[in-house]
Amino acid sequence: MLQKLRNSTFVAIVLAARGTLLICCLLLFCYLLFSTLTNTFLIPTNDLLGDVASILKGELWRVITSTVYFSEWTPLIKTVLIVLVLCPFIEWKIGSPALVMSFFASSWIGILLFCFGFGGIIRSTVGINTYVYAFYGGTLSVYALFPLAVLAFLIKKPAFFLLAKCVLVGGLLLYFTVGFWPNSDTPEPAVIVQISQLCGALSGLFCALIVVALRNWKKVSFFSAKPSN
């Protein structure tokens with residue numbers, strides 16, 4: 001029975017989740033790093049995070065720091081738990097490098113879309129200088145996992161068994177019902193939360209399309225090597 005357990009798809013997915021482990025370790029490391037900078041060296045949080053105005057001015061480095069910044073353990077643990085539930089199954093289908101790059105790239109793309117695509121609308125509608133911390137700490141990357149999870153289902157090989165499908169679907173439904181709706185306790189207006197979710201989903205869809213294009217690169221006749229005469 002132990003041998004059957006080792007050979008099961010579910011266990012194989014968990015054991016092969018190196019990219020998922022790397023993402024979690026990077027998030028934990030960045031949390032400790034920024035906690036040290038803000039608490040020990042007393043660096044102001046606003047010097048590390050980005051807001052719509054600063055990013056529109058060209059301070060694009062704030063996009064990277066905002067992605068991995070957490071002010072408390074609670075949002076960090078929530079993000080890590082979601083990553084641990086969903087990412088191993090996505091990684092099983094698209095590979096570790098694609099998962100890691102998609103996770104962080106989707107957040108960067110989402111923040112840029114939020115600022116350059118919807119920044120003017122948000123500032124004129126809400127009337128405040130909205131900080132990126134409304135969706136910092138990889139939250140946009142979590143929203144981007146939905147298109148990537150759908151892609152994982154559509155890729156036929158390697159195939160999921162029933163237990164793996166149940167865990168993946170259950171994780172998606174749980175986060176959609178609990179975490180995808182605006183929280184009434186947060187200080188940000190609901191429209192900002194909804195726009196950030198939309199940006200995350202769109203960036204995840206973009207990354208999913210890139211993964212599909214790369215997977216089918218050699219299958220497209222235009223990119224295939226032409227036989228020599």
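1. Helices α3 and α6 cross in a right-handed sense. A crossing counts as right-handed if the near helix is turned clockwise from the far one by less than a right angle, and as left-handed if anticlockwise. Helices here are DSSP runs (H or I, at least four residues), numbered from the N terminus.

2. This is a predicted model: local features need pLDDT of at least 70, side-chain atom pairs count only at pLDDT 80 or more, and totals for chains, interfaces and linings use all residues. Residues are numbered from 1 along each chain as its sequence is written, and side-chain values use heavy atoms, with hydrogens and water left out.

3. Now the geometry of that first pair. The axes of α3 (residues 18-40) and α6 lie 8 Å apart, at an angle of about 165 degrees. α3 is therefore roughly antiparallel to α6 (over 145 degrees; under 35 is roughly parallel). Axes are lines fitted to C-alpha atoms over the stretch in contact, and angles run from 0 to 180 degrees between N-to-C directions.

4. Contact means heavy atoms within 4.5 Å. On the α3 side, the contact includes Ile-23, Leu-27 and Tyr-31; on the α6 side, Trp-73, Val-80 and Glu-91 are among the residues. By class, this contact has 12 nonpolar, 3 polar and 2 charged residues. Ala, Val, Leu, Ile, Met, Phe, Trp, Tyr, Cys and Pro count as nonpolar, Asp, Glu, Lys and Arg as charged, and the others, Gly among them, as polar.

5. α6 (residues 73-94) also packs with α8 (residues 139-154). Their axes come within 9 Å and cross at roughly 30 degrees. So α6 runs roughly parallel to α8. The crossing is left-handed.

6. Which residues in α6 meet α8? They include Ile-82, Phe-89, Ile-90 and Lys-93, and their partners in α8 include Val-142, Leu-145 and Leu-148.

Terms used: Helices (H or I, at least four residues) and strands (E, at least two) are DSSP runs, numbered from the N terminus. Angles under 35 degrees count as roughly parallel, over 145 as roughly antiparallel, 65 to 115 as roughly perpendicular and the rest as oblique.
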